[in-house]
Amino acid sequence: MIYTFYTDTHKQFLDDWFMKSIHEKDKVHIEKFKQECESGSFMSHGWKDTMLKKVNYIRECLSQPDPFYHLDCDIQFFRPFYEDYINTLNDNDLDILAQHDGNRTICCGFMLIRPSEKVKTFFDKVYDATKNDLYANDQLACNALLHDSGLRAGLIGNEVFSIWMTNGMQPWLPEHGISNIPKDIRAHHGNYTAGIENKIKLM
């Protein structure tokens, strides 16, 4: 299964990009979250509350036996990916296969996860660390705790594209433009920018 979620500020990303472009529509399960972050902008007021709901959503999904995808809704797709990444997860005996988010870190907005007790414990710790402000957000908590978790995590190459891969890892602004996009990418995740309008332009 593919699990995603949205708030009112991100409904257009779900409708206009995610669901219009994904090949595996029959496998998608969608949840709507309350708009805790009024602006919908990264790390603004209410953002952490939404991310806690996101981590809790992942924890709920871990009750099933089979590997599942957790994907943010600000993703657009160009080729199928579902079976290929499950094969990669299985062939390499991984617990998590995720989008590369720079500096060898995993992106919590594009993950394939294999449920197990060890994985459940890990996301419990991510939730608690985020809730108790040990880290500024779930992404930082996830990567900080991963090292000592005993989990096997793999990174997807630039075929799951993010703008950091070509702009020196700086937050993207429209005046930066876009260049050097790899050919034949499977998906583009519209992260590494802040604000709904900037994200729309990036998409």
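Let's start with the loop between helix 3 (82-91) and strand 5 (96-100), where D93 is found. Helices (H or I, at least four residues) and strands (E, at least two) are DSSP runs, numbered from the N terminus. This is a predicted model, in which local features need pLDDT of at least 70, side-chain atom pairs count only at pLDDT 80 or more, and totals for chains, interfaces and linings use all residues. Residues are numbered from 1 along each chain as its sequence is written, and side-chain values use heavy atoms, with hydrogens and water left out.

Back to D93. Its phi is near 50°, a positive value, and D93 is not a glycine. Most residues other than glycine have a negative phi. Is D93 buried or exposed? D93 is exposed, with a relative accessible area of 53%. The cut-offs: buried is under 20% relative accessible area, exposed is over 50%, and partly exposed is in between (1.4 Å probe, protein chains only).

Next, D133. Where does D133 lie? Look in the loop between helix 4 (117-131) and helix 5 (138-146). D133 is not a glycine, yet its phi is positive, about 60°. D133 has 55% relative accessibility, so it counts as exposed.

Three strands form it, in the order 4-9-8. The sheet is open, and its pairing is mixed. Strand 4 (75-77) and strand 8 (160-161) are the edge strands, each pairing on one side only. Two strands pair if DSSP finds at least two bridges between them. How many bridges join strand 8 to strand 9 (residues 187-189)? Two, and these strands run parallel. Take F161: its bridge partner in strand 9 is H188.
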